[in-house]
Amino acid sequence: MSETNTRRKFIDTTCRIIGFAALGGVGAVLTTRASAHAVFQVDPLKCTSCDLCRTSCVLSLSAVKAVNEFSKCGYCMLCPAYMDVTSAPNEKGVPSGKVCPQDALKRRVVGKEDLDDPNNNYYEYSVDEPKCTGCGKCIKACKPPFGNGSLRLEIRYDRCVTCNECSILIACPEEAIVRVPAPGLSPLLTQGETANG
Amino acid sequence: MEMQARRYTPVATLAGRGTAAEFKKSLSGVAVGAAGVIHALGDGEVRVFAANGGVTRAWKAPEQAACLTVAPDGRVLVGVPGRVEIYGAAGNRVGGFSVGESGKQADVTAVKMFRDTILVADASARLVRRYDANGVERGLIGNQHKTGSFMLPNRSLDIDVDSAGVVYATDTGRHQVTSWKLDGAPVAAFGRFGQAKPEDFVGCCNPVNLAVAPDGCLVTGEKAAARVKVFGPDRALLAVIGPEHFDSMCTHIHLAVDSSGRIVAADPVRRTMTIFGRS
């Protein structure tokens with residue numbers, strides 16, 4: 001073997017090693033950046049509102065909260081997520097019991113309230129997050145065909161402590177905890193789903 | 001006139017799975033024409049069914065078509081977002097008109113015809129719009145409510161009209177069926193929310209569909225649980241066709257009644273139509 005060939009082989013090998021090292025380094029940096037900008041979120045299309053979000057989070061009060069998508073909400077007077085429709089009716093014929101054990105689902109009349117006939121009112125429903133435990137009872141009650149499916153569970157980043165291995169993800173039997181790019185929009189919103197009543 | 005309680009049983013199924021008439025993707029409306037001929041809307045087509053369940057003719061309808069009706073002269077009116085399209089009995093397009101105010105597309109969820117008057121349910125405006133034969137809007141129905149419109153949390157409004165020209169509409173948020181004169185004057189309302197009695201309407205918003213029978217009975221369709229009820233002319237409950245006949249995920253049961261009182265119920269989840277007769 002000539003001296004020229006040996007030198008060329010040495011240069012070639014060295015360049016390959018440097019090239020692979022550089023590629024690996026860039027890959028590692030990109031992976032680190034990507035994971036730093038990906039967060040856990042609930043995929044509502046997989047979620048069954050099983051209550052494990054409430055019990056599996058490392059926080060004593062889960063980082064998972066109910067969220068109402070106003071564009072899908074029917075603003076019902078008899079909201080099946082708000083009222084326990086199986087409970088005894090009050091003097092106006094409206095069920096007296098509530099679905100949320102924490103009374104975390106609140107409502108207010110949209111526009112001028114008709115005090116004589118509540119059937120003439122539309123109501124806006126919102127979640128009192130400090131009270132919400134993420135149990136999912138309201139979500140289950142709002143699912144079609146009972147309701148419009150406007151309520152869903154969502155991880156709130158003002159509470160989430162971004163564990164390396166999310167304990168809810170480990171517990172979830174439906175694999176409904178997914179990685180999404182920061183700032184962590186619900187997959188439902190990024191998939192472009194719109195209200196259909 | 002007080003009527004006796006009734007019992008309905010399935011006598012035929014149309015567009016069943018595996019049949020040539022099967023709807024593969026959607027079933028969004030049903031209507032009964034002259035001589036009891038059943039028309040259905042689905043898979044982007046209007047299909048006309050023979051008594052044996054076969055399809056005698058079919059033609060393309062707009063993909064987003066949501067409802068249909070058959071006029072006494074055999075023309076077929078199809079409701080699509082912002083429009084009503086009119087076809088001859090053979091399926092040739094013979095006309096059409098826009099629905100709703102300019103700049104706001106109407107969500108047309110039902111269309112019916114009484115003589116030369118075309119009634120269109122506009123769920124986005126939560127009103128019924130009345131048109132003449134030329135497609136010119138002549139008035140509104142439902143705006144005399146205290147709230148100025150129907151309460152429709154489920155964003156769907158179904159209507160029908162009887163032989164006297166009385167218009168019936170689902171007022172789902174109020175758990176009522178309301179009736180109106182063609183000029184928009186209210187006639188009556190019946191129904192209420194409840195769980196305990198079978199005549200009551202449950203959930204957030206029911207009944208979701210309705211049809212008027214030739215004998216003055218009113219047929220209603222409900223969701224969660226999916227069922228059909230028949231009310232007499234005095235609005236006493238005569239029959240319940242139970243949830244065992246429908247998919248539990250139905251949010252609509254499209255209804256039509258033929259001249260002999262048979263109920264045609266279209267289940268959009270199973271994509272089949274069941275004819276119920278009295279037994």
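Two strands pair if DSSP finds at least two bridges between them. Strands themselves are DSSP runs (E, at least two residues), numbered from the N terminus. With that in hand, welcome to the tour.

What you have open is a predicted model, in which local features need pLDDT of at least 70 and side-chain atom pairs count only at pLDDT 80 or more, while totals for chains, interfaces and linings use all residues. Residues are numbered from 1 along each chain as its sequence is written, chains are lettered from A in the order in which they are written, and side-chain values use heavy atoms, with hydrogens and water left out.

**Stop 1: a sheet in chain B**

Select residues 263-267 of chain B, which are strand S23, and then residues 272-278, which are strand S24. These two strands pair in the antiparallel sense over 5 bridges. Click on Ile263(B) and look across to S24(B): Phe276(B) stands opposite.

Now widen the selection. S23 and S24 belong to an open sheet of 4 strands in chain B, with the order S1-S24-S23-S22 and antiparallel pairing. Which strands are at the edges? They are S1 (8-14) and S22 (254-257), and each pairs on one side only. From one strand to the next, the twist averages 25 degrees; such angles run from 0 to 180 degrees between N-to-C directions, with axes as lines fitted to C-alpha atoms.

**Stop 2: another sheet in chain B**

Next, find the open sheet of 4 strands with the order S10-S11-S12-S13 in chain B, where the pairing is antiparallel. Strand S10 (108-114) and strand S13 (137-141) each have a single partner strand, so one side of each is left without a neighbour in the sheet. The twist here averages 20 degrees from one strand to the next.

Zoom in on strand S12 (residues 127-131), which 4 bridges join to S13(B) in an antiparallel run. Pick Arg130(B) and you will find its bridge partner, Gly139(B), in S13(B).

**Stop 3**

- Pro207(B) sits in the loop between strand S17 (186-190) and strand S18 (209-212) of chain B.
- Move to Ala224(B) and Ala225(B), joined by a cis peptide bond with omega of about 5 degrees. Ala225(B) is in the loop between strand S19 (218-222) and strand S20 (227-231) of chain B.
- Look for His175(B) in the loop between strand S15 (167-171) and strand S16 (176-180) of chain B.

**Stop 4: where chain B meets chain A**

Show both chains. Here 22 residues of chain B are in contact with 25 residues of chain A, contact meaning heavy atoms within 4.5 Å. How much area is buried between the two chains? The value is about 1800 Å², of which carbon and sulfur atoms give 56%; buried area is the accessible area (1.4 Å probe) that two parts lose on being put together, summed over both.

Finish with Lys146(B) and Asp114(A), whose side chains meet in a salt bridge at 2.8 Å, N to O. The term stands for a side-chain nitrogen of Lys or Arg within 4 Å of a carboxyl oxygen of Asp or Glu. Asp114(A) lies in the loop between strand S3 (105-110) and strand S4 (122-127) of chain A, and Lys146(B) in the loop between S13 and strand S14 (159-161) of chain B, so the pair joins two chains.
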